[in-house]
Structures are given as C-alpha cells and as structure tokens.
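I am opening my notebook on this structure. I will take one topic at a time and write down what I find.

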Amino acid sequence: MAHDERRRPVWVGVATFAVLIVAWFALTTWTSTIGPGRFPSPREAFDALRQIWVQGYADARLPVHALHSAKLVLLGFVAAVGLGVPLGLAMGWSRTCEAFANPTFLLLRPIPPLAWIPLAIVWLGLGDAAKVLVIWFAAFVPAVINSYSGVRSIEPHLVEAARTLGVSRRRMVTEVLIPGALPMIFGGLRLSLQACWTTLVAAELIGAIAGLGHVLYQASLDLFPAMIVVGMVAVAVTAALMTIALDIVERRAMPWRRA
Amino acid sequence: MKRHHWTFAAGIALALASAGALAQTVIKISYQPALYWSLPFYVANEKGWYAELGLKPEFSTFPAGVPQIAASASKSWDVGGAGSVPAVLGAVRYNLLTIGITNDESYANALLATGKTAAGFVKNPASIKGQTIVLTANSTGDYAVQSCLAKWGLKKADVTFKSMGQAEVISAMSSGNADLGGLWAPNTYTLEEKAGAKQICSGQDAGAAVPGALMVRADYAQSDPQNVARFLAVYLRSWKWLNAHKTEAIAMMKKFYAQGGVTISDAAMRKEFDTRPTFDLAQQLKIMHRPGANGASEVDGWFANIGAFMKANGTFADAPMPSKFITDEFLQMVDRDPKLKAFANRAD
Amino acid sequence: MAQGLTLRDPTAPLPFARWLALTVAGFLAFFAVWWAAAASGLAPPQFLPSPGAVAAQFVELTHTPFVGYTLQQHLASSFGRFALGFGLAAAIGIPLGLMMGWFRALDAIVTPLFDALRFVAPIAWVPFAALWFGTGIGGPVMVIFSGAFPPCVINAYRGARFVEPRFIEAAETLGASNWRMITEVLLPSAVPSIVAGLRVSAGLGWQSLVGAELIVASSGIGYLLVRGQANISTSIVMSGMIAIGLVGFAIDIALRLVERRINRQRGR
C-alpha cells in the first residue's frame, strides 16, 4: 500500500487550506491571540496586497517587482547553465579536464553564494551586474555537478558501442552524451533555479531599487508584517511559476521520457 | 497610562531599596555596537555601576535599529537605546516609550560625497539633482539627508535613493560605485579616513535636530518602573564620568569601538565628544519639560518633525503624537529620589 | 548538493602521477589567476588583496580578535546556531517524512502546505524571524531551520514510500503495529535516502545561516563579514569567506563519511 501511486484526494488539500484560513481569522481578527504587530490579520494582508497592486510599495507596483526579480534570476541562471553544463560535461567525459578543473571547483564550491555579496558590490557596483554575479555563483555549482554525474551515469557499453561503430566526436556528444546526461542535467537545473531564487531574494534584501527582495527589505524596515506576508507569498508564487516553466521545457526536451 | 500606579509601586520599591539588602534584579538592555551613545552602557558595566543599584544587566546588541525594535516584540529586551527614527517606529508598532535622550546626534548623521566629487557638490548643491544617493532608508541618516536636500531646495523626487545597510553604503562609496551616501558616525569617520570621502552636509547644517532615544517597553515600564529609573540613573552617571575624564574615556571608546569592528583615529573619537552634546539630569528634564497641560517640550518638537518625515516616507498613515510616547516620568522619579539623583550626578 | 566529484569510481583512471600533476597544476592555476589579477592593478589592493595578504589576514584573525572575538570564536558561535537549526530540522523533518510515507491522511494534509511553503526562500523568513524570535539565537535558528527542513522531510518521505512492498506485506501478515511498521520497517529501509537528504539539508542550512547573519545578527561569521565590509577591509571579508567555505566543506565531508559507512554496512 505504501507503494502504488497514491492519489491524494484533492478535497483534503482544499479542506486543509480552508481550515488554515479559518484558523488565521480566529487567531487574529476574532480573538487577537496573535497581536497585529506579530502577524497580520487577513484583512490587513489583503489591504497590503491592494496597496502594492494599486499604488505600489517600495517604489514600484507588484508586477514590476516580480518581473525585475524574474529577469535577474533568468540572466544569472542562463549564464550559469551556459557555462556550467558544458564544463560539467567536459569534466565528466575527460579525466584530464576533471583533474585540472577540480581544484578550483573544490575551492569555490563550499562558499555560499551570499558570502560573495560584499565582494560583488566593490567589484561590480550596485547595479544588476553584482546581483547577477551572486546568482551565477548559486546556480553554477549544481549545474556543473549534475552534468558531470549525468555523463558518468551513462551506461559504459553504450559509449563503447558508439565507439566501435566509429561515430564522430560531434555525434558522440550530441547523440550519446547529451541525451544520456539530460535527465540528471535537468535535475541539476531544477536545483540551480531554486538556488538562484533563494540567493536573489537575499541579494535584493541587501539593496535594490526594485524586486521582491526589495519589497521584503523595505517592509522589514517599516516593520510592516502584512507587507512581509504579501512579499513572501509573491516570492513563493513567482518561484513556483518558474519551476513549472522549467518542467514544461524539460518535458519538451525529453519527449522519450513522457511514457 | 496609569501614572499613579507606577509612582506608587516605585515608591515602595525605592523605600525597600534604601532600606538596604538589595537583591540583584535582571534587566535586559539592548543597544547597537560601536556607537557613541552605546558607550555609557559599556562603561557602566565595566565600572560596576549597575550592580551598585542592584541591577544585573543582560545585554543584547543589534546591527541596526529596526531589528532591535522588532526584537522588543518578542520581549528580547526591556530597556535600551536607539536612533530617534526607530524609536518613533517602535512607539507606533510596539508601544515603546521614549524616556530620555542619549545625545544630540544632529552633526553625526550626514550626507557624504566621495573625495573627487565633494568640492563640486559643495560649490553647487543644485548639481546633486539627478544623482543617486545610497543610504539606509527610514533611518536617522535618511532624515539628515532629506533635510539637507530640503535646505538646498531639492525634493526627494529630484534624486534617486538606493536603500541598503551601512556596510553596503561604505562598500559602494569606497569603491567609487556611488558618489553620495547618507551615513552616521562612526561610519562617517571610517569613510572619511579610509576612503577620502567628505562630509558635505549634516542634520545640524540643515537645521534638523536628530536626537537619540532611550526607550522602554510599555509593559516593562508598568511592571518595573523602579528598575527603569535606576537604569536612567546609571546612564546619566556614565555620561557625567565620560565627560569629566576625556582621556580615559577615549581609551575605553577605542576598546569599545574595536569590539564592534570599527578602527578610527583618536582625533575622530575626540570629534565624537566635541560634536555630540549629551544631557545630564537637569538638562534632560529641561528639554523634556512640557509647559502647561497641552504644551509641547523641545523634545516633542524634534520627534514631531521626525514623525512627519516618516509619514512622508510612507512608513505609516499618521505620525504618533509625541505626548503619547515620550515621557519624563522616569527622569522625574530619579529627580525625586535623593539617592538616585545624587548617583546620577556623580562624575567619579 | 549532488554527488562529489572525486569519489566516484573511475572507469578509466588516469595514472596517479599524471592525476597529481594536473591537480597541482589546477591549484596553481587558480592562485596564479588570483595573484595576477591582484598584481595587475585591475582592482586596487583595497578591493582585491593578493592571496598572500589574505592568508596573512586569516592567520591574524585566528589570534587577534576582530569585532570582539577571534575567527574561531565567531565560527563556534555560528556553528552552535547551525547545529541547533539543523538538529531541529532533522528531529522534526525525518519523523514527519516517515509518517507521511505511511499515513495517507497525513500525507494528504501536509503535502499541499509543504509544497506551498517550499517555494518561499529561507532568507525571506528573516524579517519574521527577527519579529518572532529576536536576532540572538532564535531568529537565525529559525532561518536555518527553514532552509534545512525540506530536504529532511522529502528524503525521509521518499525513502519510506519506496520500501520493497514484500517487506511491508511480510510485516503486515505478522500483524505489526503502525509504530513498529515505521520504526522497524520504513526507517531502516529509508536510511540511505535520509542520509543523502541530511547532506543536502546541511548544505542549505549552512548557507541560510550565513544569509541570516549577514542581515540581522550581531555575532558569528556572517557578522564578521559585514563588519569587515564596513571597515573597508576586503582581506577580512575574504578570510571570512574562506572560513565559511572550510567549515561548510568539513560538514559535508563528515556527513559523506557517515553516508559511506552506512552504505558499506548495508552493502553486506
């Protein structure tokens, strides 16, 4: 019974949220068990949402913040994937390449991306470039590691077979290595995207003109719990949408996995 | 506020206290490291003055005023010091009372420019229009900067503000990635001495009074008023001593600032003393005195301006009435008790 | 993160001498690029100190206190917070994951909530963490917890869900109670998955800690970074980064050893 693809009944999920919302009302609006300074009532959260949607908060309206954040994540993510996946593939394929690149990788990998923020500011200033650099660090590591493991996980006899058939180097890469490593690569991309997102919020918390992290930063400076909740929900929704988009790309890229 | 209750309770407590056999009561004190007005907390502890009044201080430090205010909600501290902007925010959000003034830091909150641009901006302040200014939003530094802009006839919309922590402001300006920044001491000195920046306008220059606030949680004020009065007496005595013993004071300041990671010259530390007036018991009572039933004290006026600034920033819809959160009740308690009063005025 | 690079079985290993030469060359190349960038004056030494200057600063920080403590003391304070947050995440997350793998109703209730919360970046909890728990121990611990918790739950859950059905059937025919089913059937089979989850969880927790300390703490290694930055001392910032990296690396190695040991024991 623990095994079959269990369907979670939808109504249970809906009921859970309904209970939560009732509890939220009960604890804040009806009984004031949780004071307004600690957590907002639904009413306050709704007002905050309306404020940021209509008049804007922290210098812009909600969609502008979300788009700005999404743009930075995308830039950092694409740059990291563009460099990380080929490097990972090369390290997976060639022992020489691995031995040479590994030390740098070992040195940089354990440093959390956020720790680069102070350096990024003095090197690249306050613009988007510094944030993209920090995001790049976050996404680069999972992209490399998973591409590397992806190549290593290809059945050796597949490569042998291709070799005995005398396929060209180019076809080896495009028809054996990449398709073979693709499932792992996508696993890595998913981690990369999540890391990008986490890091961006932190980078923006430290100073930006627009962006969801900036909304959170401003709301925390104003001690505005309702807006903090709105900001957190916006962060979650945007991140979920990006993950769904990646899922769609993944399914397109690997049609053979659909079954 | 049930003032007579406090007074009554305080009377009993003080009677007990003067009867001797004082038990040490814990008081949780919050401050920010490496700031001028925090120095008395450190000095008093080193000298053992809290213990003399039966207090056992437990310190917690915060990197900035806002998290400090937020932490009062979880009762992480009872009394403490912070900038006036956080104090007003704390009054609105968490019923914090302002019970005294740490210092007049009008000169210490300022707009700085990088070395190569400062002269140009000073000669022609109108050229600041269109520039980007990096600062910590909703801080006393922000207040000083906006007051300076107003003095030059500039509006907030004439410039671009980028909000970030003080460490980032320092990074951005020292690396030449920003030309203008709003800071407070000792960060101003760090930037001047290590990156050649120049202070081009302070709150004082702009005619904006920037006080620092001593605060207490309202429920703590109600339950332990006598501790609050003792806390004030210790703080006042520390300033008396610091001002009377400059050389030793500078030495302790050096140690205290180093603990917060700030290494500035002795000259800059001396300048802190010279440019930031502090208030003894009599002076505190004077600036906080409200003439008549509805009169406003000098301090009320300062905080009303700060409230208006925060309202214009969009922090809240209505600024709080100073009379609602500023009280000299505890200073009065010190003043009425001969033993505490003598203690607060000791310079040794 | 995922699998380490060097520990995988080499299919066509390089001769040791060649491997060593390449690795040494790799290290040298890294430091040569750094050194050249610093020496070229690309950035002033104030903002890009040479490797030597950073090494000297690092050594100095280990015996001369900065912001009140030496480097080791800062690390100890950070590590204490980390251990608390990570321990809490494991202590709550693993049992929760296992129970979700066994009780359908719990799964149905918790999963939607969990999926909704998972997308909130751990750092986004910082403002509330300060509000609810202060900035001393509680706030940072909550942020670490929110970073470390999801992998604990997910991996315990997966581990429990993919237990061989015949084990469960066997236990069921023997009339095992829910409690025994979870502790004696699901838990042992889920251990490899759980340990793999712990490694991911520790990595994320350590990163979240640094984020929390950069923003709201007044002690610890992240705070050292901020104060170094405020004092215009890039070499202190870089020393702090190296220290963070070393500890993160050590945590990962420790968990990897545990993982290998467990896998070896089970392999027999």
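This is a predicted model: local features need pLDDT of at least 70, side-chain atom pairs count only at pLDDT 80 or more; totals for chains, interfaces and linings use all residues.

**Entry 1: one pair of strands in chain B**

Strand 5 of chain B covers residues 109-113, and strand 8 of chain B covers residues 180-184. Five bridges join them. The two strands run antiparallel.

**Entry 2: the sheet they belong to**

I then traced the sheet. Five strands of chain B form it, in the order 7-6-8-5-9. The sheet is open, and its pairing is mixed. Which strands stand at the edges? I found strand 7 (160-163) and strand 9 (198-202) of chain B there. Each has a single partner strand, so one side of each is left without a neighbour in the sheet. I also noted the twist, which averages 30° from one strand to the next.

A helix belongs in this picture too. Helix 9 of chain B, residues 187-195, lies across strand 5, strand 8 and strand 9 of chain B. I read its angle to strand 8 of chain B as about 130°.

**Entry 3: a second sheet in chain B**

I looked up another open sheet of five strands in chain B. Its order is 2-1-3-10-4, again with mixed pairing. Strand 2 (55-61) and strand 4 (96-104) of chain B are the edge strands. Each of these pairs on one side only. Here the twist averages 25° from one strand to the next.

How do strand 1 and strand 2 of chain B run, parallel or antiparallel? I found them parallel, with seven bridges between them. Strand 1 of chain B spans residues 25-31. I picked out one facing pair: Thr25(B) stands opposite Leu55(B) in strand 2 of chain B.

**Entry 4: two domains in chain B**

I checked how chain B is divided. Domain 1 takes in 3-104 + 210-344, and domain 2 takes in 109-202. Their centres, taken over C-alpha atoms, are 28 Å apart.

How many residues of each domain are in contact with the other? I found 19 residues from domain 1 of chain B and 13 from domain 2 of chain B. On the domain 1 side, helix 5 (84-94), helix 13 (266-275) and helix 15 (298-313) of chain B each supply at least two residues. Helix 15 of chain B gives the largest share, four residues. I sorted that side by class: twelve nonpolar, six polar and one charged.

**Entry 5: the largest nonpolar core**

I moved on to the largest nonpolar core, which has 263 residues. Which members touch the most other members? They are Ile135(A), Ala139(A) and Leu232(B). The core draws at least three residues from each of domain 1 and domain 2 of chain B.

I followed Leu232(B) further. Leaving aside neighbours within four places in sequence, I listed its contacts as Ile99(B), Gly100(B), Leu214(B), Phe330(B), Leu331(B) and Val334(B).

**Entry 6: where chain A touches the others**

I started with chain C. 55 residues of chain A are in contact with 59 residues of chain C. Several helices of chain A give two or more residues to this side, among them helix 1 (10-30), helix 6 (128-152) and helix 8 (169-205). Which helix of chain A gives the largest share? I found helix 4 of chain A, with eleven residues. By class, this side of chain A has 38 nonpolar, eleven polar and six charged residues.

Then I turned to chain B. 15 residues of chain A are in contact with 21 residues of chain B. Helix 5 and helix 9 of chain A each supply at least two residues of this side. I counted its classes as eight nonpolar, five polar and two charged residues.

**Entry 7: chain C by itself**

I finished with chain C. What does its secondary structure come to? I found ten helices and zero strands. Its C-alpha atoms fill a box of roughly 75 × 55 × 30 Å along the principal axes. Chain C has 268 residues, and 46% of them are buried. I also looked at contacts in chain C with a separation of 6 or more: residues 24 or more positions apart account for 75% of them.

How values were computed:
Residues are numbered from 1 along each chain as its sequence is written. Chains are lettered from A and ligands numbered from 1 in the order in which they are written. Two strands pair if DSSP finds at least two bridges between them. Axes are lines fitted to C-alpha atoms, for helices over the stretch in contact, and angles run from 0 to 180 degrees between N-to-C directions. Two residues are in contact if their C-beta atoms, placed from the backbone, lie within 7 Å. A nonpolar core is a set of buried Ala, Val, Leu, Ile, Met, Phe, Trp, Tyr and Cys residues joined through C-beta atoms within 7 Å. A residue is buried if 20 or more other C-beta atoms lie within 10 Å of its own, exposed if 12 or fewer, and partly exposed in between; C-beta atoms are placed from the backbone. Domain bounds come from an automatic or database domain assignment. Ala, Val, Leu, Ile, Met, Phe, Trp, Tyr, Cys and Pro count as nonpolar, Asp, Glu, Lys and Arg as charged, and the others, Gly among them, as polar.
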